[in-house]
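Here's a quick briefing to read alongside the structure.

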Amino acid sequence: IRSSGRLGATWLLASGARLTTAFTTDFLRYLAGNRSVVGSELSGSIVVPLLRGGGYAVTLENLTSAERSLLYTLREFAQYRKDFAVETASAYYGVLQNRDAARNAWTDLQRSRQNVEREQAFAAEGLRPLASLDQFRQASLTSETRWIEAVRSYRDSLDRFKISLGVPLDTPIVLDDRELQDLRIQDPKIPPH
């Protein structure tokens, strides 16, 4: 049984020269214990381009191009990270803002309902005309519509935020109210001139 094996390497030098080496041997005889290897060969070659494809500028152009491509890709990735962070923070604050708007709409609805009850009591005693009561009822219905719209807007923004994060829509998210409080503008207490 005879089999041969080959091992080789190639190097591209900065000058454009290509250096190639190879080692070939009668493989199985060597492994079988016969240390007198017959037919082994060590070879090497060097090819130096003189005109076309030669010189440092031509040889290093691929490396320079790859380095530029890497830098552009890194710059794009860094910009993407910044944009993603800003978009995620903006979406989060948008969700907080919509939740705050829904709370405010709920408070307004409760006040409107109290006003209707108060006006009904005044109208029952004859202290207010029925037209005034109807105006308060209409204002209460408008407040209820605003509250329903605010809740819908909050839920939509929360769902869009979950989708942007890749979180399933049925996953509960706890929002931190302190974030909106931290955004309040502090009074710099500038003295008047």
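Predicted model: local features only at pLDDT ≥ 70, side-chain atom pairs only at ≥ 80, totals over all residues.

**Fold at a glance**

Going along the sequence, the protein runs β-β-α-β-α-α-α. Of the 193 residues in the protein, 17% are buried.

**How α2 and α3 pack**

- Helix α2 covers residues 56-124 and helix α3 covers residues 130-165; the two pack with their axes 8 Å apart, at an angle of about 160°.
- Angles over 145 degrees count as roughly antiparallel, so that's the label for α2 and α3.
- As for handedness, α2 and α3 make a left-handed crossing.
- Is Glu 117 buried or exposed? Glu 117 is exposed, since its relative accessible area is 55% and the cut-off for exposed is over 50%.

**Salt bridges around Arg 152**

- Searching the whole structure turns up 7 salt bridges.
- Arg 152 pairs up with Glu 149 in one of them, at 2.3 Å from N to O.
- Both of those residues belong to helix α3, 3 residues apart, or about one turn of the helix.
- Arg 152 also bridges to Asp 156, where the closest N and O atoms are 2.5 Å apart.
- Arg 152 and Asp 156 are likewise both in helix α3, with a spacing of 4 residues, again about one turn.
- Arg 152 is partly exposed at 41% relative accessibility, Glu 149 is partly exposed at 40%, and Asp 156 is partly exposed at 30%.

**The Arg 118 network**

- Elsewhere, salt bridges with shared partners tie Arg 118, Glu 119 and Arg 128 into one network.
- Within that group, Arg 118 and Glu 119 form a salt bridge, their closest N and O atoms being 3.8 Å apart.
- Which of these two is buried, and which is partly exposed? Glu 119 counts as buried because its relative accessibility is 2%, while Arg 118 comes out partly exposed at 39%.

**A nonpolar surface patch**

- Trp 11, Leu 13, Leu 19, Ile 46, Val 48, Leu 50 and Leu 51 make up a nonpolar patch on the surface, and together they have about 750 Å² of accessible area.
- One of its members, Trp 11, lies in strand β1, which spans residues 4-12.
- Trp 11 is partly exposed, with 43% relative accessible area.

How values were computed: Residues numbered from 1 in each chain as written. Heavy atoms only, no water. Patch = residues over 30% accessible without salt bridge, like charges linked within 9 Å, V, L, I, M, F, W, Y side chains within 5 Å. Areas by Shrake-Rupley, 256 points an atom, 1.4 Å probe, with all protein chains shown as cover. Salt bridge = Lys/Arg side-chain N within 4 Å of Asp/Glu carboxyl O. Buried < 20%, exposed > 50% of the residue type's maximum accessible area, 1.4 Å probe, protein only. Axes fitted to C-alpha atoms, helices over the stretch in contact; angles between N-to-C directions. Parallel < 35°, antiparallel > 145°, perpendicular 65-115°, else oblique. Left-handed = near helix turned anticlockwise from the far one by under 90°.
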